[in-house]
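Here are a few exercises to work through with the model open in your viewer. Try each task before you read its solution.

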Amino acid sequence: MRDFLEIVGLSISVSLAATAVAAAVSLPIGAALAIFPFTGRRLIVVLINAFFGLPPVVVGLVLYLALSRSGPLGFLELLFTPAAMVIAQAILAIPIITALVHRASERAWARYGDELTTDGATRLQALPQILMIIRADLVTAVLAGFGRTVSEVGAIILVGGNIRGLTRTMTTAIALQTSQGDLSLALALGAVLVGISISVSATVFALAGRARTAGSDEV
Amino acid sequence: MIAFRYVLVMVVTLAAINAGAAAEKSIVLASTTSVEASGLLANILPQFTARTGITVNVVAQGTGKALDTARRGDADIVLVHDPEAEREFIDEGYSSTVRQIAWNDFIVVGPSSDPAHILGGTDSVKALKAIASARAAFVSRGDRSGTNAAELRLWRVAGRSSEALNPEKWYHDVGGGMGQALNAASALNAYTLTDRATWLNFNNKGSLTIIIEGDPRLINRYDVIELNPRKHGVARLDAAKAFAEWLVSPEGQQAIGAYQVNGQQLFNPSAASPK
C-alpha cells in the first residue's frame with residue numbers, strides 16, 4: 001500500500017512539475033508567436049504543430065544518450081532520476097501547450113491587437129494582456145499538456161529506469177506488473193490512471209464551460 | 001497571482017520529488033529482469049540499506065543491456081548471468097572483479113498439451129530438436145539477455161543457429177523481458193526457456209507447465225561485477241564495492257538463500273563454492 005501511494009504520488013508530482021516547466025516555457029512563446037511578426041514564424045508554427053506527435057520513445061532515447069554519463073550532459077548526473085523524467089515529459093508537453101496557446105493568442109490578437117497597442121503600449125506589454133484574455137484557453141492547454149505527461153511511458157521508462165521507490169510511476173509500474181504476469185494488479189493501477197485522466201478532462205470541460213458562461217470571449 | 005500560483009506549484013512538486021530522491025548515498029545497480037522480477041532484490045536490498053545506509057537503485061534490463069549501461073558509465077555495479085557476455089566485458093577492461101553470488105536453473109516450460117511430446121525429460125537439447133522437428137511454437141526473448149544467450153547456446157548445440165531459426169514461422173522472437181516472453185508463450189501455447197525464479201513468481205501461467213528440468217546444461221549462474229575505477233572514474237564505486245562485499249558475505253548469502261516464494265527457495269547462494 002505504501003508502495004502504491006508512493007507510485008501514484010510520484011506520477012502526479014513528476015507530471016505536475018513537467019507540466020509547470022512546459023507551461024512556463026510555452027505560454028510566453030505561444031503568445032509571442034502570435035504577436036511578433038518575423039520571418040520564419042510560419043515555419044516554426046508548423047514545426048510545433050508537427051511535434052504534437054513526437055514519439056515519446058524517441059524523445060526518451062535522445063535524452064537518454066544526452067544524459068548518460070558518457071553523453072554531453074552526463075556531468076549533471078540526472079539519468080535515472082525523477083528530474084530526468086520531468087525533462088522528458090516537459091519536452092513532450094511543450095509542443096502541445098505552445099500550439100494551443102498560439103492558436104488562441106492568434107485569434108485574440110486579431111481581435112484586440114490594435115486596441116492593446118493604440119495608447120503607445122509595445123507588443124511586449126500587450127503579451128501578458130493577451131494571456132489574460134485567453135485565460136480559459138490556457139487552462140485547457142495546460143491540462144492537455146498534463147494529460148500527455150501523466151499517461152506517458154515510453155520516454156520515462158528509458159530515462160527514469162523504472163527504479164522502485166525512486167522513478168517508478170503508474171505507467172512504468174503497469175508495464176512491470178504486466179511483465180510479471182500480475183495482470184489484475186496492472187489493471188487496478190490502470191484504473192487509477194484512467195481515473196486521473198478522466199478527472200483531468202472533466203476539469204478541463206468544467207473550467208472551460210464556466211469561463212464561457214461567465215462571458216469570456218469565445219476565442 | 002497566476003504567476004505566484006505557478007511558482008508555488010513548482011516549488012511544492014520539486015520539493016516533493018527531492019524529498020523522495022534525497023538519499024544519503026545511493027548507487028545504480030544494472031541488473032537482469034530475472035533478479036528483479038523474481039522479487040529477490042526487493043527482498044534483500046532493505047537489509048543491505050539498513051546495515052550501510054546505502055540505497056541501491058535497481059535498473060532492470062537484460063544482461064546485454066545492463067552491461068552496455070555500465071559501459072556508458074550509467075551504472076555503478078552490475079548483477080548479471082551470461083558468462084560469455086561477462087568475459088567479453090572483462091576482456092574490454094571494464095572490470096577486474098567478478099564473483100558468483102548464487103545459482104539456480106533454467107527450465108523449459110510449455111503447454112500441458114505438449115505437442116512435441118517431450119514432457120518429463122531432462123535432456124534440453126533433445127527437447128529443442130523435438131520442438132523443431134514438430135514445428136511446435138517456441139518463444140524466444142530475442143533481447144540479448146542472459147536467458148536469451150543461454151537459449152541460443154542450447155539451439156547451437158541442437159544444430160540450429162539463430163540465423164536459421166529466425167525465418168521459421170514457429171519460432172517467435174518477442175524482443176522483451178522474461179515476463180513478456182512468458183505472457184507470449186502462455187497466449188501462443190508455446191514452449192520457452194525461462195529461469196526458475198521468474199517462473200515461480202509469474203502469475204499468468206495459463207496452461208503452461210514445466211516440461212524439462214534437471215539438465216546440467218541448464219545451470220544459471222549470477223555474478224556481481226565491480227567496475228574498473230580507471231574506466232569508470234566515479235566516486236560511488238566505494239559504495240558499490242560495499243554492496244558487492246555484502247552480497248558475498250555470510251549475511252548477504254544468508255539473505256539470498258532465505259528468499260522464498262510459495263515455500264520454494266529461488267536462489268542458491270554460492271559465493272563460497274561457485275558452481
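Two strands pair if DSSP finds at least two bridges between them. Strands themselves are DSSP runs of E, at least two residues long, and helices are runs of H or I of at least four, both numbered from the N terminus.

This is a predicted model, so to speak of local features takes a pLDDT of at least 70 and side-chain atom pairs count only at 80 or more, while totals for chains, interfaces and linings use all residues. Residues are numbered from 1 along each chain as its sequence is written, and chains are lettered from A and ligands numbered from 1 in the order in which they are written.

**Exercise 1.** Work out which strands pair with β4(B), and in what sense.

*Solution.* Start with β9(B) (residues 219-226): eight bridges join this strand to β4(B) (residues 97-111), and the two run antiparallel. Here Gln100(B) sits opposite Asp223(B). Next take β12(B) (residues 268-269), antiparallel to β4(B) over two bridges, with Ala102(B) facing Pro269(B). Then comes β7(B) (residues 191-195), antiparallel over four bridges; Val108(B) has Leu193(B) as its bridge partner.

**Exercise 2.** Check the radius of gyration of chain B against the globule rule.

*Solution.* The rule is 2.2 Å times the number of residues to the power 0.38, with the radius taken over C-alpha atoms. For 275 residues, a compact globule would come out near 19 Å; chain B has 21 Å, which agrees. As for the box, the C-alpha atoms fill roughly 70 × 55 × 40 Å along the principal axes.

**Exercise 3.** Describe the side of chain A that touches chain B.

*Solution.* Contact asks for C-beta atoms, placed from the backbone, within 7 Å. By that test, 24 residues of chain A are in contact with 27 residues of chain B. Helix α1(A) (residues 2-35) gives the largest share of chain A's side, eight residues. By type, that side divides into 13 nonpolar, eight polar and three charged residues. Nonpolar covers Ala, Val, Leu, Ile, Met, Phe, Trp, Tyr, Cys and Pro; charged covers Asp, Glu, Lys and Arg; the others, Gly among them, are polar. For the scores, the model has ipTM 0.80 and pTM 0.85.

Note on methods: Contact = placed C-beta atoms within 7 Å.
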